[in-house]
Amino acid sequence: VTMRRPWLATVAAVFESILGVALLATAVVMVVAARTARSLDTGEGAAAGILSALGLAVIASCVGMLKRKVWGWWLAEAANLVGLVVFLWDPVTRRVRPDPDELAFIGLLGMLLLVLLLAPVRSFLLRKKGKLVESNVGS
């Protein structure tokens with residue numbers, strides 16, 4: 001018996017792919033802008049590297065979720081959590097207001113974390129060959 005894909009699982013995968021592309025594009029823009037100004041310092045280079053790695057992880061998780069692989073769900077949750085930490089680091093540690101683009105990333109990451117934890121999405125993506133994978137998440 002094949003379980004029908006919940007629409008929220010599809011929406012989450014689509015938004016994960018949009019997030020991954022946006023993270024990669026942001027990293028490219030950072031590097032191009034810094035090179036144009038000839039001022040790529042180690043902080044900007046590290047930030048671009050982190051965003052690139054995060055973007056690739058998010059895109060990989062999207063592929064896994066679309067193929068209904070358990071690792072896709074776990075990778076998505078981990079990448080979204082790491083992304084939240086990255087984007088909340090400065091506002092929390094330096095007590096500064098995040099930029100509008102950072103707020104957009106924070107909102108999207110938080111929303112995706114929660115959507116992936118919803119019962120229909122979680123149970124659909126954590127099923128493997130008709131059996132529910134043992135998980136204490138949200139239970």
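Helix α3 is followed by R95, a residue with a positive phi near 55°; helices here are DSSP runs of H or I of at least four residues, numbered from the N terminus. The model is a predicted one, in which local features need pLDDT of at least 70 and side-chain atom pairs count only at pLDDT 80 or more, while totals for chains, interfaces and linings use all residues. Residues are numbered from 1 along each chain as its sequence is written, and side-chain values use heavy atoms, with hydrogens and water left out.

The 24 residues of α3 (residues 70–93) should span 34 Å at 1.5 Å a residue, and the end C-alpha atoms are 34 Å apart, which agrees; the expected span is 1.5 Å times one less than the number of residues. Among the buried residues of α3 are V70, W73, A76, N80, L84, F87 and P91, where buried means under 20% relative accessible area, exposed over 50% and partly exposed in between (1.4 Å probe, protein chains only).

Aromatic rings of Phe, Tyr and Trp (its six-membered ring) were paired if their centres lie within 6.5 Å, with planes under 30 degrees apart counted as stacked, over 60 as edge-to-face and the rest as tilted. By this rule there are two aromatic pairs. W73 and W74 make an edge-to-face pair, at 4.8 Å centre to centre and with 85° between the planes. W73 has 1% relative accessibility and therefore counts as buried, whereas W74, at 41%, counts as partly exposed. The rings of F87 and F105 have centres 4.8 Å apart and planes at 15°, so that this pair is stacked. Because F87 lies in α3 and F105 in helix α4 (residues 100–117), the pair ties together parts that are 18 residues apart in sequence. F87 counts as buried at 10% relative accessibility, and F105 counts as buried at 11%.

F87 is also one of the residues touched by L51, along with L23, T26, A27 and M30, not counting residues up to four places away in sequence; contact means heavy atoms within 4.5 Å. L51 is placed in helix α2 (residues 42–66) and counts as buried, at 8% relative accessibility. The C-alpha atoms of L51 and A27 are separated by 5.7 Å, although these residues are 24 residues apart along the chain.

How values were computed:
Helices (H or I, at least four residues) and strands (E, at least two) are DSSP runs, numbered from the N terminus.
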